[in-house]
Amino acid sequence: MSKDPVEHANAGQYYRRLLALAFVHWKIFAFSIAGMILVAGTDTALAAFMKPLMDEGFVNRDMETIRRLPLILVGIFVVRVFAIFTSMYCISWVGRKVITKLRQRMFGNLLLLPKDFYDNATSGEIISKFTFDVEQVANASTKAITIIVRDTFTVIGILAWMFYLSVPLTLVLLTTGPLIALLVSLVTKKFRKLSRRIQTSIGDVSRIVEESIKAQIVVKVFGGRSYEESQFEIINEQNRRQNMRMIATQALSTPVIRLIVGIGLAVIIYLVTRDESMNIVTPGTFASYMVSLTFLFGPVKRLADVNVELQRGIAAAESVFRLTDLEIEKDDGSFSTDRINGEIKYNHVGFRYSSANEPALVDINLDIKAGETVAFVGRSGSGKTTLLNLLPRLYDITEGSITLDGHDVRDFRLENLRSHLAFVGQDVVLFNDTVAHNIAYGSMRDADMSQVEEAARQAYADEFIRELRNGYQTVVGERGLMLSGGQRQRIAIARALLANAPVLILDEATSALDTESERFIQASLEELMKNRTTLVIAHRLSTIENADTIVVLDAGKIVETGTHQQLLNSDGHYAALHRMQFENHPE
Ligand code: ADP
Ligand code: MG
C-alpha cells in the first residue's frame, strides 16, 4: 500500500463507495456472510473430530462412538457443501449486481461526456474499463471479503478449539507462531529479490545479442567482433553466477522453511510429552491439536496476503470511478423553443482546444440570415470543422458568443439546441441495426416507414437500399452488411433529411461520394438547402459555387468573404484555391 496519505484517503473512499453499492443487497450479503461463517465452523468441527476419532475410536474402542463417527463426518461435509455453495453463490450474486450497476452508470455517464473527453481518450482504454476493470473490481472484492470473513472465523474457531484443548500450549504457540511467520516471510522476500535481479541479467544477455544483430554491419566493418565477444562473455558468466545463486536459494528456501516449522513443532512435542503442566493427556487431544495447527496454515497465509487482493480491487475501482466521476457536458441553460428560423450569428468568437497552446479560431464574425447557405473553405487545419462544431456546443467557445435566432447557444437546454440542428459528417459510422433504424435514429425512432423511404429517395439512397437482401430491414454496420463510403454517406444524408431541422451542418458530407453519385446528390442537397440555413464544408469547390456566401478561413481567421463570382474577381485566396483544384481535377 502506498504511504501517501492522500492516496490512502482515496482508497478508503473508493472502498466505501463499493461497499455502499453492495449493501443495497444487504440481505443476500448477510446470507453469504452466514455461509462463510458456517464454512469456518465446519473446518473447526473437522479438527475437533480428530479427538473422539482417536480417543474413542482407536484407544478406547467405544462401539457406540465408532458407529456414530462416520455419520458425523458425512454430516459435517454435507453442511460444508451447503455452506460453501451459499457463501459463494450469494457473494457472487451481489458482485454481479454491483458490476451491472457500475457498468450501467459508466455507460450512462460516457454518453454525457463532452467531445473533449473523446478527443483525448483511446477507445481501447475506455473499453478496458468496461470489461477488465469492472470484472477486476468484482473478483478482487468478493475474494477479499471471502478471505477476510471466512478465514478470520476459521482462525478464531480453530484457536478457540486449541485453547479448549490446552491453554498453556496455545499460549506458547501464539508467541512462537509469529516468530516462525516472520522467519518464513524473510526467507521468501530474500528469494523474491534475488529472482528479480536475475531477470535483469537475462535482459542483458538479450540486449547484447539484439545489439549485435542490429549493428551487424558496424560490428563487421569496424572490427568490433572480439570486443563484443568479450562483453558477452562477462554478461554470460554473470548470468550463470546469478542463476546459481537463485538455484541455491531456491534449493534452500523450502527445506529451511520446513526446518523452521519443524523446530516449532519439535518444541510443541517436547512440551507435550515432557511437561506435565501442558495438560495434554490423550492421543486424541494431541492429534486434534496437530490437525488444528495444519488447518491454521492456509487461512493465516491468505489473511497475510489479503492486502494484495484489496489493492487490486481498489486500483480497478479507482479506474472505474474516475470515469463515472468525470464532469459531464455543461447543460445549465433553461431556454427551449419548438421552432426556430435559423438565424445564426458568431460575435468575436475565439476558441482554443484545451490540449492546444494556440487558439484554433480567432475573432470570428458571421451574420447568417435564416435560409442562407454559407460555405466554408480553406486549407486542411484552417479551422472549418472547429467552427461548425461550436454551434451544437460540441465544444464551448472561449471568447465571444454564438446566437441562434438571437439567443445565446449557452442559454438553450442542450437537447433543445441540438434538436434544431441536423448534421452530416465526413466519416459515417453506422450502428449495428437495420437501414431503417439507421435513418430513423434517436428521437426519430418512431418515424413512419413512408417518411423514411421519402428521405431515402431524396438522398438518392432508396434505389440501392431496395437492392439489399432485406431492403430497409437489412442489418448494416459493424456485424451486418458493409456498405461503401458513398452509400453510408447517403444514409447519413437521409437521416439529416428525415430530421427536417431548420439548420443543416454538412462537414465534407459529399467527400466519400464518387463524381457520379455526387452529381445525383448535389441536386437533392440543393433542394434540401432551400428552406433551411445551411453551413457547408466541401472539399470540392464545384459543389459550393451556388452558396449565398463563401467564407475563406486560414489559420483560424476569416480571410475572405463573398460570393463565388466576387471572390474569383478579387483574385485572392479563394481564386488561388480554385485555380489549384481546377488544374488538378478539371471537371
Ligand atoms: P479543418 O476542418 O479546417 O481541416 P479543424 O477545425 O479540424 O480544421 O482543425 C483546426 C485546428 O485545430 C488544427 O490545427 C487542428 O490540428 C486543431 N485541432 C482539431 N481538433 C483538435 C482537438 N480535438 N484537439 C486539439 N486540437 C485540435
Ligand atoms: Mg475538417
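Q: Which residue forms a salt bridge with Lys 115?
A: In this predicted model, the closest N and O atoms of the pair are 3.1 Å apart. That falls within the 4 Å that a salt bridge requires. Both residues sit in helix α4 (residues 115–120), separated by about one helical turn. The partner of Lys 115 is Asp 119.

Q: Is Asp 119 buried, partly exposed or exposed?
A: Buried means under 20% relative accessible area, and exposed means over 50%. Asp 119 has 38% relative accessibility. Asp 119 therefore lies in between and counts as partly exposed.

Q: How many residues apart are Asp 325 and Arg 17?
A: Their side chains meet in a salt bridge, at 2.9 Å from N to O. Asp 325 belongs to helix α9 (residues 283–325) and Arg 17 to helix α1 (residues 5–23). The pair links distant parts of the chain, and the separation is 308 residues.

Q: In which helix do Arg 225 and Glu 229 lie?
A: These side chains meet in a salt bridge at 3.9 Å, N to O. Arg 225 is exposed at 58% relative accessible area, whereas Glu 229 is partly exposed at 49%. The two residues are four apart, about one helical turn, in helix α8 (residues 225–274).

Q: What is the radius of gyration of the chain?
A: The chain has 18 helices and 12 strands. For 587 residues the globule rule gives 25 Å, and the chain is well over that, so it is more spread out than a compact globule. Its C-alpha atoms fill a box of roughly 115 × 75 × 50 Å. The radius of gyration is 38 Å.

Notes
Residues numbered from 1 in each chain as written. Chains lettered and ligands numbered in written order. Predicted model: local features only at pLDDT ≥ 70, side-chain atom pairs only at ≥ 80, totals over all residues. Heavy atoms only, no water. Rg over C-alpha atoms; globule rule 2.2 N^0.38 Å. Buried < 20%, exposed > 50% of the residue type's maximum accessible area, 1.4 Å probe, protein only.
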